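Here is a structure to look at.

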Amino acid sequence: MIKLYGKGYKYVAGKFAEASSNEGYTGTMAYKILAAHNGGKAAKGETLHIKFDAIASHDITYVGIIQTAKAIGLDKFPVPYVLTNCHNSLCAVGGTINEDDHVYGLSAAKKYGGIYVPPHYAVIHTYMRENFAGAGKMILGSDSHTRYGALGTMAVGEGGPELVKQIIGKTYDVTYPDVIAVNLKGAPRKGVGPQDVALCLIGAVFAKGFVKNKVLEFVGDGVKNLPIEFRNGIDVMTTETTCLSSVWTTDGEVEKYLAARGRASDYKELKPDEGAYYDGLIEIDLAKVEPMIALPFHPSNVYTLRELLADPYEILHECELKGRELLKNDKFTLTDKITAGGKIRVDQAVIAGCAGGTYDNIYEASRILKGKAIGAELNMSVYCGSQPIYLDLSRKGVLADLTEAGAIVKTSFCGPCFGAGDVPANNGFSIRHTTRNFENREGSKPNEKQIASVALMDARSIAATAANGGILTSAFDVDYDNNIPEADFDAKVYASRVYNGFGKPDASAELVYGPNIADIPAMIALKKKLLMRVCAVIDDPVTTTDELIPSGETSSYRSNPLRLAEFALSRKVPEYVARAKAVYRDELKLEKGEIPEGYEYAAEIAGAKADELELGSVIFANKPGDGSAREQAASCQRVLGGVANIAGEYATKRYRSNLINWGMIPFRYAGKASDFEVDDIVYVSDAYAAIEEGSIKAIRIRGKETAEITLTVDALTPQEKEIIKAGCLINYNRNNK
């Protein structure tokens, strides 16, 4: 099904051969696109300074981004900036604050020349595919699933501060990445969908870190055997491999897709040159891919449906034990989903978002469900990725077939992907064609004894399960007509409502503030002598951004930095906020020249007066930052007085970048989580030297006991060093106008 090769390979006559040198790396599609956006050149080992063709945000992130840019001196958006409203569309949580943010977004689009997509109109990535992605382009989004590689666009998901840099005319700085070829062979069998191929890929590479922070370049004869939406569905899930970006060869199918959306000029042929060099190779035989399932609690926890259905108890019991350890709750169960007859029953089914809500997925699901009845025990929701998709499927009777079968058809909304829609019942088991299945991602609250499970599957097998009354079923086990008509795109639905103000800023327009939209608190510049009090120690193998700042209903407060910070680590370390606040109060005493109680010994070791010291909170985690691009995972720590993270490694570049842009040092530590305890103080004698030199001997203080430890900092660009020293990106840019 899939094979990984870690050596270098040359692409010659459509095949791959081992290479003895990296000569030919300039022949990849990725090189050409990166070089074109880096002043016309690029080189391995060098830092690239990228300017993007367009940027995009949704309504969890755009208020903070615009507020940050405004604090620096924003007057207009220099590139197309799309503001979608697909995450907090359901204005039912937190009073008026969700719709207040939407009103703010429209007012900002008018004032600064942006593009505003109203609630329920389109999922962010569907809209960008339909309206902005094109061959050879680069797009930056403040959402981790910013991926449009199947249309020839290298897209990157990052935290909001990276978009701020683009808005104020700065660049996205990244070391030239390794490029991994994904060689697709053959054609998928009937019943196999894009999520099956994506899960196969994620399961093979995630744990190995095989493509971490690298670019995936999809090539091979198999590409031509995949419809565009099939390619899009694989591509958007590459985020879960932890790659930096992706790009595919383009062909007549891409050209036809773009032309149908009035953008024929955005097409050009992309393919690697003869002799193009790749830093690694992945081969996927599409004909051997089977219907797959990613069991709780990660998209990489992958099995074939065949092996799960053949041995349900063994596999579910193993996942159950791992889940209990992760959740720290011995009551978590999966094996109770096994019926007396050895089948697996599910409680909920969802097809939604940028991964699931495509025309092809929904149409094929309707073919499987046509004439069936899902029954009273299963809840099923289907969300179209955009209003043009909804309109097309409505005109063709697809939505009627789904409704008749008992599914609920809903508008464009990302809620099921992050816990703001279709939250299962306690102990519920949901199968979803969405992007993630982290613990509590679907909205349950384990620390309040609410536990639910999500498994990721393709829409085809989800529909087969629904047609079988909620008994887990592979699409291989149903007969249906998978020859669906081509999509018909009608742009009038966007022309009716979308506000397109790019290039037409109105400086006289007023921003409309709701009561929950607050300014970003001031951050102090970094001092050289640093005392860091440990406020959380997380020994999980991986810590997701959802655990650092929960998604779901807490996202309603994303426009109020201090209020949102109250939820920091609330589902992982509930005591963290109170501890961090106490440290921040002690820092205020330091600023007044007083050594706070409990820090006398640390100050004695430092040999410093109060005004020479900076005190802040710090967390330790083995591998933090997997998942969302939301910068709030870092900013919430910062506004509570956080000065650093200490980690074995960082799960993603985007989380590390968020720490840096919010003025926090991304320390690394080669030891164990058990080397730290809550309330330890870590003394860094020269934080500037640590940043500049990449390593420093620090002192861990526990009561009257001390131990020397080594903290390191992976390479930083000159600008990143100055951002941390300044205290945050806002301070840095104010200082460098």
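This is a predicted model: local features need pLDDT of at least 70, side-chain atom pairs count only at pLDDT 80 or more; totals for chains, interfaces and linings use all residues.

Reader: How many cavities of 30 Å³ or more does a search of the whole structure find?
Author: A cavity is a set of points, on a 1 Å grid over the protein atoms alone, where a 1.4 Å probe fits but cannot get out. Points are joined across faces, edges and corners, and volume is the space filled by probe spheres set on them. For cavities of 30 Å³ or more, the search of the whole structure finds 7.

Reader: Which helix gives the most to the lining of the largest cavity?
Author: The largest cavity has a volume of about 210 Å³. Of its 22 lining residues (an atom within 4 Å of a point), G64, R558, P561, E631 and W662 are the closest to its centre. Helices are DSSP runs (H or I, at least four residues), numbered from the N terminus. With 5 residues, the top contributor to this lining is helix 2.

Reader: Which elements give two or more residues to the lining of the second largest cavity?
Author: This second largest cavity holds about 170 Å³ of space. Among its 19 lining residues, H87, D143, H145, C417 and R441 are the closest to its centre. The elements giving two or more residues are helix 4 (124-131) and helix 15 (415-418).

Methods. Residues are numbered from 1 along each chain as its sequence is written. Side-chain values use heavy atoms; hydrogens and water are left out. On a 1 Å grid over the protein atoms alone, a cavity is a set of points where a 1.4 Å probe fits but cannot get out, and a pocket is an open set with protein on both sides within 12 Å along at least five of seven lines; lining residues have an atom within 4 Å of a point.
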